[in-house]
Amino acid sequence: MFNYGRLRNNVRLQDATFQQLVSDYQQVVLQAQVDVENAIVAYLKSQEQQVFYETAAQASRESVDLSFTQYIGGEIEFNTVITTLVSNLNQQDILVVAQGAVATSLVQVYLSLGGGWQINDGLMPLELLPEETIEDMLRRTHYWDKLLD
């Protein structure tokens, strides 16, 4: 009776806090969806680019072969052969970068879906569990007795 509306105001405060937490959660979920979609699009686009760069690299290799043949036949100068070799090297570099982009974007897809990297140094899965977790598991139920002993 003499709390002067403190209870009602406390309920309003808790409701506002809850609404803020719901809004934050929705924002995190939307951002996660954006990250996943961006990673998938980057992966698909990098695969498409890789196909084009593979075609360009193959054409560059063929131009090197053709220039060697023409040089041996005396049709062109050696400078042209060097130019085609440099161009082929540049195309091969671009192809390797594109292949790296495919791998990188695939890792980004994996990470955006909630995956992660963990090095376990050859340990068994049970050896990765902390002792306190094992004790809690054994205390809660006896289903783990044979597995964890």
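How far apart are the mean positions of the positive and negative charges of the protein chain? Here are my notes, point by point.

1. **Charges.** The chain carries 8 positive and 19 negative charges, and their mean positions lie 23 Å apart. Please keep in mind that this is a predicted model, so the values below are computed from predicted coordinates.

2. **Fold content.** You will find 4 helices and 0 strands in the protein chain. Read from the N terminus, the order of elements is α-α-α-α.

3. **Overall dimensions.** The C-alpha trace spans about 105 × 50 × 20 Å along its principal axes. The radius of gyration is 31 Å, whereas a compact globule of 149 residues would have one near 15 Å.

4. **Surface and burial.** About 12100 Å² of the protein chain is accessible surface, and carbon and sulfur atoms account for 60% of that. Of the 149 residues, 13% count as buried. As for contacts between residues at least 6 apart in sequence, 58% of them join residues at least 24 apart.

5. **Helix H1.** This helix runs over residues 6–72, which makes 67 residues. At 1.5 Å a residue, H1 should span 99 Å, and the 97 Å between its end C-alpha atoms agrees with that. After H1 comes Gly74, which has a positive phi, near 80°.

6. **The buried side of H1.** Which residues of H1 are buried? They are Val36, Ala39, Ser46, Gln50, Ala57, Ser60, Val64 and Ser67. Helix H2 (78–112) is part of what covers them. As a reminder, an α-helix has 3.6 residues a turn, so residues three or four places apart point the same way.

7. **Ala57.** This residue of helix H1 has a relative accessible area of 0% and is therefore buried, the cut-off being under 20%. Beyond its neighbours within four places in sequence, Ala57 is in contact with Asn88, Gln91, Gln92 and Leu95. Ala57 and Gln91 are 34 residues apart in sequence, yet their C-alpha atoms are 5.3 Å apart in space.

8. **Ser60.** Leaving out residues up to four places away in sequence, Ser60 touches Ser87, Asn88 and Gln91.

Notes:
Residues are numbered from 1 along each chain as its sequence is written. This is a predicted model: local features need pLDDT of at least 70, side-chain atom pairs count only at pLDDT 80 or more; totals for chains, interfaces and linings use all residues. Side-chain values use heavy atoms; hydrogens and water are left out. Helices (H or I, at least four residues) and strands (E, at least two) are DSSP runs, numbered from the N terminus. The expected span of a helix is 1.5 Å times one less than its number of residues. Buried means under 20% relative accessible area, exposed over 50%, partly exposed in between (1.4 Å probe, protein chains only). Contact means heavy atoms within 4.5 Å. The radius of gyration is taken over C-alpha atoms; the globule rule is 2.2 Å times the number of residues to the power 0.38. Accessible areas come from the Shrake-Rupley method with a 1.4 Å probe; for residues, only the protein chains shown count as cover. Lys and Arg count as positive and Asp and Glu as negative; His and the chain ends are not counted. The place of a charge is taken as NZ of Lys, CZ of Arg, CG of Asp or CD of Glu.
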